Amino acid sequence: RGVNARMILKRARFSACINQEIDRAFASLQFPDENLSHAVDARSEIDLRLGAAFTRFQTLHLGKKFEQTTNLVLSWGPCQFATLGFIVDRAWKIESHVVEHFYSV
């Protein structure tokens, strides 16, 4: 807005990185929503502060209770749960894999 008043700015909104969702978003571009932008900023700030506070709490209180975590930073953040879920799911799939012989001619 402040740089070029003649520029028309629109946004593609999508929740999943799959072709159908991205195609739908680009087919229905929308004007930016200032309230939504403020909500995203607020959530980001809350995630950062909560993560920092809980990491400090875990490090100072739980780190002393277990020998293997005495000198470590015990990090926590809302995004880490989802990432950990992906990692655990993949590990379980690898562990449950049944080897099959493959032949090619």
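Select Thr55 and show what surrounds it. Beyond its neighbours within four places in sequence, Thr55 is in contact with Val73, Leu74, Ser75 and Trp76. Keep in mind that this is a predicted model.

Now colour helix H2, residues 34–62; Thr55 sits in it. Is Thr55 buried or exposed? Its relative accessibility is 14%. The cut-off for buried is under 20%, so Thr55 counts as buried.

Next stop: Lys10. Select the segment before H1 and you will find Lys10 there. Lys10 counts as partly exposed, because its relative accessibility is 44%, and that class lies between the 20% and 50% limits.

Which residues does Lys10 touch, leaving aside those within four places in sequence? Select Leu29, Gln30, Phe31 and Pro32: Lys10 is in contact with these. Draw a distance from Lys10 to Pro32, C-alpha to C-alpha. The model puts them 6.1 Å apart in space. In sequence, Lys10 and Pro32 are 22 residues apart.

Stay with Leu29, one of the contacts of Lys10. Phe14, Phe26 and Leu29 form a nonpolar patch on the surface. Together they have about 290 Å² of accessible area.

Where is Phe26 found? Phe26 is in helix H1, residues 19–27. Its relative accessible area is 53%. Exposed means over 50%, so Phe26 is exposed.

How values were computed
Residues numbered from 1 in each chain as written. Predicted model: local features only at pLDDT ≥ 70, side-chain atom pairs only at ≥ 80, totals over all residues. Heavy atoms only, no water. Helix = DSSP H or I, 4+ residues; strand = E, 2+ residues; numbered from the N terminus. Buried < 20%, exposed > 50% of the residue type's maximum accessible area, 1.4 Å probe, protein only. Contact = heavy atoms within 4.5 Å. Patch = residues over 30% accessible without salt bridge, like charges linked within 9 Å, V, L, I, M, F, W, Y side chains within 5 Å. Areas by Shrake-Rupley, 256 points an atom, 1.4 Å probe, with all protein chains shown as cover. Salt bridge = Lys/Arg side-chain N within 4 Å of Asp/Glu carboxyl O.
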